Amino acid sequence: MRYLGLDVGSKTVGVAVSDPFGWTAQGVEIIPIDEELEEFGLDRLGELIAEYNVEALVLGLPKNMNNSIGPRAEASQKYGQLVIDRFDLPVFYQDERLTTVQAERMLIANDVSRKKRKKVIDKLAAVLILQNYLDAHPS
């Protein structure tokens with residue numbers, strides 16, 4: 001089964017895709033969005049779903065450290081519902097606490113400049129979200 005992993009933010013959605021066996025995650029791209037204008041990048045997401053023959057999506061769920069659901073997690077769930085309504089595909093949620101911090105540390109450890117980090121961090125966070133899901137749910 002092929003999955004698409006999404007790191008949903010207020011301005012971008014980081015996208016990762018699994019290999020056809022559902023074993024590994026690779027970064028794809030960052031889709032610009034605008035929550036205030038209700039521009040969610042669903043047209044581009046649909047193109048990626050078709051291109052990679054995706055059967056399910058994994059969205060990061062940014063829970064609070066006390067495991068409660070805050071505004072960002074609610075926004076991710078709302079995005080997930082938009083995806084379900086539009087594409088009629090299953091959406092699974094993966095706890096993504098600290099994945100962006102982990103991605104940032106990985107990039108810093110590899111001497112990636114701040115300017116370049118900003119361009120790839122959401123995509124790397126999507127990879128971490130999807131890989132964590134794949135590891136927890138082996139095919």
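**Salt bridges and an aromatic pair**

Trainee: What relative accessible area does Arg86 have in this predicted model?

Mentor: Arg86 is partly exposed. The relative accessible area of Arg86 is 44%.

Trainee: Which residue forms a salt bridge with Arg86?

Mentor: The closest N and O atoms of this salt bridge are 2.4 Å apart, and a salt bridge requires a distance within 4 Å. Arg86 lies in helix 2 (residues 71-87) and its partner in helix 1, so the pair ties together parts that are 43 residues apart in sequence. The partner of Arg86 is Asp43.

Trainee: Which residues are linked with Arg44 in a network of salt bridges?

Mentor: Arg44 meets Glu29 in a salt bridge of 2.7 Å, N to O. Glu29 lies in strand 3 (residues 25-32) and Arg44 in helix 1 (residues 42-51), so this pair ties together parts that are 15 residues apart in sequence. Arg44 also meets Glu47 at 2.8 Å, N to O, and both of these residues lie in helix 1, three residues apart. The residues linked with Arg44 in the network are Glu29 and Glu47.

Trainee: Is the aromatic pair of Phe21 and Trp23 stacked or edge-to-face?

Mentor: The ring centres of Phe21 and Trp23 are 4.8 Å apart, and rings pair if their centres lie within 6.5 Å. Planes under 30 degrees apart count as stacked. The planes of Phe21 and Trp23 are at 25°, so the pair is stacked.

Conventions:
Residues numbered from 1 in each chain as written. Predicted model: local features only at pLDDT ≥ 70, side-chain atom pairs only at ≥ 80, totals over all residues. Heavy atoms only, no water. Phe/Tyr/Trp six-rings, centres within 6.5 Å; stacked < 30°, edge-to-face > 60°. Salt bridge = Lys/Arg side-chain N within 4 Å of Asp/Glu carboxyl O. Helix = DSSP H or I, 4+ residues; strand = E, 2+ residues; numbered from the N terminus. Buried < 20%, exposed > 50% of the residue type's maximum accessible area, 1.4 Å probe, protein only.
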